[in-house]
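Please go through this two-part record with the report below.

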2 protein chains.
Amino acid sequence: MTAYRAPVADLIFNLRYTAGLPDMAAWPGLAEADIDTAQAVLEECARLNEDVLAPLNAIGDRQPATLSGGAVTSTPGFKEAFRQYAEGGWQGLSHPESVGGQALPKSIATGCIEINNSANLSFALCPLLTDGAIEALLTAGSPELQQRYIPRLISGEWTGTMNLTEPQAGSDLAQIRTRAEPQPDGTYRVFGTKIYITWGEHDLAANIVHLVLARLPGAPEGVKGISLFVVPKFLVSDDGALGERNDVWCVGLEHKLGIKASPTAVLQFGDHGGAVGHLVGEPNRGLQYMFIMMNAARFGVGVQGMALAERASQAAVAYARDRVQSRPVDGSSVQPVTIIHHPDVRRMLMTCRAHTQGARALALAAASHHDAAHHHPDAEQRTLNQAIYEFLVPLVKGYSTEMSQTVASLAVQVCGGMGFIEETGLAQYIRDAKILSIYEGTTAIQANDLVSRKTQRDGAALALWLGERMGETADALDGHASQSGAADALRLARDALTGAARFMVEQAGNPNAAYAGSVPYLLLAGQALSGWLLLRSALVAEAAGDADAQELSAKWITARFYADHILPQCTTLAHSVLVGHDSVLALAPEGF
Amino acid sequence: MTAYRAPVADLIFNLRYTAGLPDMAAWPGLAEADIDTAQAVLEECARLNEDVLAPLNAIGDRQPATLSGGAVTSTPGFKEAFRQYAEGGWQGLSHPESVGGQALPKSIATGCIEINNSANLSFALCPLLTDGAIEALLTAGSPELQQRYIPRLISGEWTGTMNLTEPQAGSDLAQIRTRAEPQPDGTYRVFGTKIYITWGEHDLAANIVHLVLARLPGAPEGVKGISLFVVPKFLVSDDGALGERNDVWCVGLEHKLGIKASPTAVLQFGDHGGAVGHLVGEPNRGLQYMFIMMNAARFGVGVQGMALAERASQAAVAYARDRVQSRPVDGSSVQPVTIIHHPDVRRMLMTCRAHTQGARALALAAASHHDAAHHHPDAEQRTLNQAIYEFLVPLVKGYSTEMSQTVASLAVQVCGGMGFIEETGLAQYIRDAKILSIYEGTTAIQANDLVSRKTQRDGAALALWLGERMGETADALDGHASQSGAADALRLARDALTGAARFMVEQAGNPNAAYAGSVPYLLLAGQALSGWLLLRSALVAEAAGDADAQELSAKWITARFYADHILPQCTTLAHSVLVGHDSVLALAPEGF
């Protein structure tokens, strides 16, 4: 089992040259958000995760959480690790100081989320969901609800969950049937079954704060009749003391392909009289509130993809440096060499590296736009940056999670038969990765969002604007010795992106044609922009003149590999979008 | 859990219009190899596999073989299923009548191997390895060894294994250390440790015939000093009776990501005085013999990939037809519909279908060339067909196994959260698929074979010859209403193939550049030829005028989907080969 090392240097590189963190310190409220702070935070984060959480990752896979008599016992070591995580203040990293958080920019927090998920994805899901619950309460909760719940979620005394899915309502939340009945005292009684509730029951914290979608009596059909409720595992009295056990019970844990240490619960609400809940915000607006929280969670899951890819890549590199097998093809040694000297092993490792670093650039760029949307002094800039962030979220989620599966599979491939043996730990990454393209909205759901809300709605204006930025980088590369090939590749990827975006707008009245290519469009956009950001970061670093020479050289090589081997896929994907829609739908359902 | 249904109709379609089985009946020794025979054999094979073996697949995953006191107990039900398999005569399908086989052409046998592996991949590995042992004995064994072992391997009384890998000798068999010491009685004593021995120990049969690579005293270093031995689990007396237990012991079973019902053994030879072995063929030629057997096994593993893709696709289609979720994007229903009506689900299902049927066409074409190489009346044709078969084997192995991972992942994606839950059975396909691109030579090993022995050695003559055939099909498509898009796609794929093949020849003196693109070259060749064969089979069927209209229409659609969505990837892969080799190797090993 390889020790995990947090990629602090590459995170700092991206904070400098992709996210532009040095400029942010001039913005209101971000005075302390400089590179020194980032370095200190990331190093501290690395310590906890490398030493405590990373070694628990394989243990969690072998000894998943168990359910007995309604109580879930988590993997040995997790409870103590969670205590350390909470005491370190990591849950409050990006939340407002007013509720006990540290108000760090999302750009820096994203690095910490990556490190936490690389170390232990199953564990990291618990804080990720708690973040979502905090966001939802901050968005729509009354001051009283905020005061009662948020400080203790941030302190790690309690944790949070998101209760959306029901057996008949997965991607289609319109089908939710869980109901909430108003009580004379202003509370509600909640009745229903929720499935796939991540960390829905556990023993890490004293209380669990469930955020639950349910219908009020007489609520409109469909998504317009869904409200949001807080349903705590233990009732909380006005003085904050824990009271009676609420009527929400874990009746099952799923037996899953991966993320085994993360208990995925079936929760039963109200079988014994009704679970006491509190309405969050206004009636029938629950899905809107949930979407705010889901956007953050979707971004977080994208970061999980990149984090898993980083860890799998590290394991593959370590194995390739250690395993001796076969003589080099160029005859440079008569003795067998470590397999990292074999060209195809290098191709696999470079593919892992390029995808991981590309997705990291994309995520940190998105985070920086989020920061600018909240802190930039200019209102127009805030609006533009919010739009860019929202455009990028489905790409971060969709592209990073899909590529994480490719990377995990390649990492196992590098290790050959040893990769297939569970004891080596590599196989876990394949098993863990597969959920990432499913939960918090499948890749197709992300692609729907990208096509309709992010492309068709503004007539592809933002996609074309991004295309112009790509073109500028390509022009800058023209002036760069030996990067003309990258400039050409970038222009072709730009053409693929803008062509596909225009197609989506043109086909607004022909949804079958548009959505037949929605996922190819998402993947091409994710790759086109990741490749662009990699190349741009190298240019920016070079112009800045303050980058470590070795680091910059490696970034050029990685960006160029991306341009040679991954960017050209954008053209193929655009062909799928523009030309291939008929053949997607030509075979009738009964013809399969 | 979806019931598996053998794709007999598509196999017959391919036997008719891809493999050209109707023409084979005119060749010596294949008089009975007609479509009627094929139909009868495949239907009988389907019955056993659908009814008996397919239901055992998930059981084997949950209750793998176990080791206790050196004895392996296989999954409940496997022993009885193996008895039925043996009694049905399935082990002898493609072996000569002289040793008790049925001498069916490989084209037909391939269909049976597919069905067997779709039903139960872990089970099917046992006959697959036994086939390999039979081939090795037929190739190099003395008449006495053949007589002693082959009939009982074919009858299913005994099974066979291949013992190649050692801890330090995986892809690089030159490192083998197991040794064989000659005895005065003409036998040998074998000492050493072999790992990853599939079905290396079990209780399905009374004896296990291990084919073992080992070194004789004073043998040359490297691959030229390796000899092949038969080492039976129980010694066999001259009258064929089982005698003493031989000194080969199972000391461990691997805990694997997938194919769990197939016991992967660590075998210890000679810890108690030496395992009695018999030399097969001449000393120091073991690797040559093993290569003959490995070519058959590599082809078989390619068929496993296609078989697993077929089963995963069936499960995804069944789920997509059953699961109701969300209204259709085109507004054609105000009620939620089964998800097979959603464009992206169709795109995923068509991708699964196109890859599976493409790989099936490739495998059956390869099998038909093997049959022609052995039975065509014209010697020149036999030579040409043997060369084509040998060119196609690494593609069948490499492409089919890589795409099976894509298909298994997409099948789970279609099922969303339900796919990630182990109980639904879909997740097993992801876990099982990953071994296929590793064992019997990783994809990189297949690609090395393709580059050196199959492309550089003949100056790419065969690759260019295949390119000409592709061009002919493109020309024929020009004359076909509505298929001009497919013709264009096919020409681009042809250009990618021939361009990459020429590059490999040009770079014969620059092995790092060639091998940096070896796997992309393999994948592009596999896809280019699979897409070509799909389109050609539709043309041939149309010209024949005797195909079922619905089947033919579905084949055109599937072939066109391949042309729109998969063939264009060949161009990207060719770019990796021609342009991308520098960036593969630019980052030094210590730079990772």
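The report that follows takes these topics in turn.

## Basis

This is a predicted model: local features need pLDDT of at least 70, side-chain atom pairs count only at pLDDT 80 or more, and totals for chains, interfaces and linings use all residues. Residues are numbered from 1 along each chain as its sequence is written, chains are lettered from A and ligands numbered from 1 in the order in which they are written, and side-chain values use heavy atoms, with hydrogens and water left out.

## Interface of chains A and B

Chain A and chain B each put 84 residues into the contact (heavy atoms within 4.5 Å). The area buried between them is about 7,300 Å², and carbon and sulfur atoms give 62% of that. Buried area here is the accessible area (1.4 Å probe) that two parts lose on being put together, summed over both.

Between chain B and chain A there are zero salt bridges (a side-chain nitrogen of Lys or Arg within 4 Å of a carboxyl oxygen of Asp or Glu). Polar contacts join 46 residue pairs across the interface, both residues at pLDDT 80 or more. A polar contact is a pair of N or O atoms within 3.5 Å; within protein, one must be able to donate a hydrogen and the other to accept it, and residues adjacent in sequence count only if both atoms are side-chain atoms. Helix 11 (residues 379–420) of chain B gives the largest share of the chain B side, nine residues. Helices (H or I, at least four residues) and strands (E, at least two) are DSSP runs, numbered from the N terminus.

## A buried arginine

B:R431 sits in helix 12 (residues 426–433) of chain B. B:R431 is buried, at 3% relative accessible area (buried is under 20%, exposed over 50%, partly exposed in between; 1.4 Å probe, protein chains only). A polar atom of its side chain lies 2.9 Å from the backbone oxygen of B:L257. Beyond neighbours within four places in sequence, the contacts of B:R431 include A:L257, A:F420 and A:R431.

## Salt bridges

The whole structure holds 54 salt bridges over all chains. B:E166 pairs with B:K194, with the closest N and O atoms 2.9 Å apart. B:E166 lies in the loop between strand 3 (158–163) and strand 4 (179–182) of chain B and B:K194 in strand 5 (residues 188–198), so the pair ties together parts 28 residues apart in sequence. B:E166 is buried at 2%, and B:K194 is buried at 0%.

B:R453 and B:D449 also form a salt bridge (2.8 Å, N to O). B:R453 is partly exposed at 39%, whereas B:D449 is buried at 4%.
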